[in-house]
Amino acid sequence: MVKESRFLRSKRLRASLWYAADGKCQLCGCDMPSDWHADHIVRWIETHRTNVHEMQALCPQCHYTKTAQENRKMTTAKQLDLFSQPSHQPLTLRKHQAEFLEICKLIKAGRPIKKILMLVTPGGGKSLIPVIAAVQLIPNQPLQGGFHGSIADAICWIVPRRNLQRQGEENFDDPFFKEHLAHQHRVMANNNEPNPCKGMSGYVATYQAIAANPDLHAHEFRRKRYILVLDEFHHVEEGGIWHRHLQPLVDEAVLLILVTGTHVRGDSQQIAFMPYKQTSSGLTPNLSNTEDTVVLEYTRSQALRERAIVPLHFEWGDGEAEWIDQAGQRCSVPSFTEAGDYTGIALQTALKTGYARQLLKNCVDNWQQYKTNNTRSKLLVLAPSISTANQYLDWLKELGINTAVKATSDESKEAQSAIKKFKKDYQPRDVKAVDVLVTVAMAYEGLDVPAITHIACLTHIRSVPWLEQSWARAARVDRKAGHLKNLGLIFIPDDQLARQCVEKIITEQEVVVQEKEHNKRKISDVGNSSNEENHNIQRNNSIIPLTSSLTRSRASDLSTGESVDYLETEIIQSTAQILGISSSTINLKRFIEIYNSKLVNTELDPLEKPSMEVLTPSEELEIIRDKIETHVRKYAIKNGKEFKSINGEIVSYFGKSRKKMEIEELGKVWAWLQKNYPVTD
């Protein structure tokens, strides 16, 4: 049987239905507007018939209300598929993404869900959530008498860092997801310009920008129905200034989506908008579903099982250090693993002297060997301070790495430019390729570069959330590399504090939230350490680091807890160096075991060619603005006119300033200038 169309498209039949209703809505009796709807009296999903005698004419508002009431009874997958967006090919979503998609369908079916709380392990795939929300809940184009009303007009995605804004634009522009989700949505990175969407389906702002001009965003949320996404919302402290400025947006939003990779703040304060409950151990996050709130979780173990992330292998480096303390006394420790109360100071010394150079060299040597197979591979270096980052850059040059760039925590244009270069895909053997980034604090979250395979973790920070987020940079699956990236390698000092962080993550990887935490360790926020010894690094700046050296190494696997001791690591790595083989110590050991068991490795898939670089909406906007600005100034200089007078004519002719214009409007300005103010060379 041929399935009939859901819509009454015949003009003749629509006219017949209108005259039968005498031009009045059949429910409220109002005069029907030009965009009136032809409604199925018995829902189409039940009859699959579109007959004019089984329909009635309704105004849009009555149709939306009737449909929402009917949809509340729709719960089966077959019924909910009515609301699915078409897709050219099947797309395999990760567990939390698929669950989120089903929640969107239920919202469209009339469920009164107003808040979705998502706890997703770092690297698990949070950035696709706003795209799915837009695809499901915002129309690709204005509705024209469709079956049901849209849920929202636009989406606002708030992120903690500026580099995440560009990533947000790129996620919406990703051709892979555009094809598989069949959407044309785009979002604009915006920091407090009027008309923040600029004609797009939404905008991406930072928490800092919201706090700087809260009235602009509050006014925008009153103009349109917004979906509000708070990304890594653990940055928002309960009762803090960000909380106060975000509250009006939360109150106005038709749907609030809270996404984070951690349920705790480094300073142990409560997180704004996080539901809590009282337990014997105090307040703890309440992860129970309610009528209007849905909680979705995606743990590290689930991500590993679904191959949403790759396993992390650790190459631990023990060492010795010597320094002069505040009293002028010469102090030393023969091993980080036995440093005790001196761990923090020993680590501070090591990260500024010979130990750090040796560990960095070990990481670079391994990375360069690894890169002979996976040419996409990139290296991330985490430095403890800006001055040390500069020193690391000098060391990298001495090791023959001349294309490394630096991005510090000041979020300057230079830092943003460096990150952009590091994220770019390059052709193999491109001499301009930037494949090493030295950063201070900016790797905490949002540095989405799937090609990262190696991290030199030369930082003093020992906060579990911070380190987990940083290590996740190497845990991302690289679609373009395929099986050539099957792990992430972390080179890190073998100090007691780092080992405790890894052990804690391993313990918690099956449980996102623990009701009781015995002997809870106070962990500080980004840039601070996790206990008293680590605080010495911040406070005790008067010590004089003298020398340090790397003495021995061992290895471990975060996902399995598998480890290789110091002696075995030395034997495996020295043998691998002689043979010119590069991999993690864990993998090399596994290779030996597989070889001894006479198992055969599978062939690796070849690399795909990197895709061409595309411009984000904010980059398009900036380019055309610059073109107009340059043209106006050039014309004014050549023809003896005032620059301001031409700008005034633009405002007079188009009715608004360029700052308020969308990309399409700016294109019209450009064409108008070419015609009325031509510049000839």
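These legends walk through several close-up views of one predicted protein model.

The model is predicted, so local features are described only at pLDDT of at least 70 and side-chain atom pairs only at pLDDT 80 or more, while totals for chains, interfaces and linings use all residues. Residues are numbered from 1 along each chain as its sequence is written, and side-chain values use heavy atoms, with hydrogens and water left out.

View 1. Helices (H or I, at least four residues) and strands (E, at least two) are DSSP runs, numbered from the N terminus. By this count the protein has 24 helices and 20 strands. Of its 681 residues, 52% count as buried; buried means under 20% relative accessible area, exposed over 50%, and partly exposed in between (1.4 Å probe, protein chains only). The accessible surface comes to about 31,900 Å², and carbon and sulfur atoms hold 50% of that; these areas come from the Shrake-Rupley method with a 1.4 Å probe, and for residues only the protein chains shown count as cover. A contact means heavy atoms within 4.5 Å. Among contacts in the protein with a separation of 6 or more, 74% are between residues 24 or more positions apart.

**View 2. Phe100 and Trp471 sit in the largest nonpolar core.** A nonpolar core is a set of buried Ala, Val, Leu, Ile, Met, Phe, Trp, Tyr and Cys residues joined through side-chain atoms within 4.5 Å. Apart from it lies another core of 39 residues, including Val333, Ala339, Leu347 and Leu359. As background, nonpolar side chains tend to be buried together in soluble globular proteins.

**View 3. Trp471 belongs to the enclosed helix H17.** All eight of the eight residues of H17 (residues 464-471) are buried, so the helix is largely enclosed by the rest of the structure. Glu468 and Gln469 are buried here, as are Trp466 and Trp471. Which residues does Trp471 contact, leaving aside its neighbours within four places in sequence? They are Leu312, Phe314, Ile455, Cys457, Ile490, Ile492, Val502 and Ile505.

**View 4. Helix H13 is also enclosed.** Eight of the eight residues of H13 (residues 343-350) are buried, so the rest of the structure largely encloses this helix. Look for Thr343, Gly344 and Gln348, which are among the buried residues of H13.

View 5. Rings of Phe, Tyr and Trp (its six-membered ring) pair if their centres lie within 6.5 Å; planes under 30 degrees apart count as stacked, over 60 as edge-to-face and the rest as tilted. The count comes to 16 aromatic pairs. In one of them, the rings of Phe176 and Phe177 have centres 5.1 Å apart and planes at 85 degrees, so the pair is edge-to-face. Phe176 is partly exposed at 30% relative accessible area, whereas Phe177 is buried at 16%. Phe336 and Tyr355 form an edge-to-face pair too, with 4.9 Å centre to centre and 70 degrees between the planes. This pair links distant parts of the chain, 19 residues apart: Phe336 is in the loop between strand E13 (330-333) and H13, and Tyr355 is in helix H14 (residues 354-371). Both Phe336 and Tyr355 are buried. Elsewhere, Tyr635, Tyr653, Phe654, Trp672 and Tyr677 form one aromatic cluster.

**View 6. Strands pair up in antiparallel fashion.** Two strands pair if DSSP finds at least two bridges between them. Strand E1 (residues 37-40) and E2 run antiparallel, joined by four bridges, and His40 has Met55 in E2 as its bridge partner. From E2 (residues 55-58), Met55 and Ala57 point one way and Gln56 and Leu58 the other, and all are buried. Twelve bridges join strand E12 (residues 312-324) to strand E19 (residues 544-557), again antiparallel; Glu320 is partnered by Ser549 in E19. E19 is also joined to strand E20 (residues 563-564) by two bridges, running antiparallel, with Val564 in E20 as the partner of Ala555.

View 7. How many disulfides (pairs of cysteine sulfur atoms within 2.5 Å) does a search of the whole structure find? It finds zero. Cys28 is partly exposed, with a relative accessible area of 44%.

Key. Disulfide = S-S within 2.5 Å.
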